[in-house]
Amino acid sequence: MKQKPVYLALFLFLVSCGNQQQDDTKTAGKDSVTTVAPPSVTKERTIVNKEPAAQYSEKVPDELNDWKFAVKLYETKNTFTYTVKIEYQELRETETINFPDFGMMPEPQVIKGKEPQSCIIGFLDKNKTFKEYILVQAKGDRLKMTTLQHYSVYKSETKL
């Protein structure tokens with residue numbers, strides 16, 4: 001008969017330990033995970049800037065002509081879609097590219113490539129690190145765009 005109060009006290013102790021409130025984020029440690037809700041970015045822009053969002057240009061060596069190799073990125077109505085305008089000698093081409101939706105506004109960049117008349121279109125990640133995306137190059141009388149990296153986004157439906 002004296003065991004009932006002991007069992008009752010043990011039961012109440014276990015129940016009270018199991019009902020602690022849990023935080024949405026775990027403490028930072030070696031094996032912990034922190035979850036942060038991404039900021040919402042609208043799929044369409046309210047204002048489309050007419051000026052290039054990013055650009056690169058270099059002179060094409062030619063004694064008789066004032067030619068250049070130039071790549072300019074322009075915003076479109078869609079937040080993650082950009083129009084690419086390429087100029088090389090007398091060629092003028094237009095292409096459309098899509099940046100991945102990482103839950104933040106895209107920050108496109110265009111930097112010089114390793115070879116002459118080439119550049120790399122990319123973007124800055126949340127740590128402001130440049131991520132290569134597409135190589136644009138001119139060789140002979142041809143323009144070529146090559147995807148260097150593929151990026152994808154995984155959205156988990158479960159809470160960590």
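**Notebook: an aromatic cluster and a hairpin**

I looked up the ring pairs and found a cluster of Tyr-82, Phe-99, Phe-102, Phe-123, Tyr-133 and Tyr-151. Rings of Phe, Tyr and Trp (its six-membered ring) pair if their centres lie within 6.5 Å; planes under 30 degrees apart count as stacked, over 60 as edge-to-face and the rest as tilted. The model is predicted: local features need pLDDT of at least 70, side-chain atom pairs count only at pLDDT 80 or more, and totals for chains, interfaces and linings use all residues. Residues are numbered from 1 along each chain as its sequence is written, and side-chain values use heavy atoms, with hydrogens and water left out.

I noted 9 aromatic pairs in the structure. Phe-102 and Phe-123 are tilted, because their planes stand at 40° with the ring centres 5.9 Å apart. Phe-102 is in the loop between strand 4 and strand 5 (108-112) and Phe-123 in strand 6 (residues 118-124), 21 residues apart. Strands here are DSSP runs (E, at least two residues), numbered from the N terminus.

I then checked accessibility (buried is under 20% relative accessible area, exposed over 50%, partly exposed in between; 1.4 Å probe, protein chains only). Phe-102 is partly exposed at 37%, and Phe-123 is buried at 4%. Phe-123 also pairs edge-to-face with Tyr-133, at 6.3 Å between centres and 75° between planes. Tyr-133 is buried as well.

Last, I looked at strand 3 (residues 81-88) and strand 4 (residues 91-98), which run antiparallel and are joined by 8 bridges; pairing takes at least two bridges found by DSSP. They form a hairpin with 2 residues between them, and Gln-89 in the turn has a positive phi of about 50°. Val-84 stands opposite Glu-95 in strand 4.

Notes:
Helix = DSSP H or I, 4+ residues; strand = E, 2+ residues; numbered from the N terminus.
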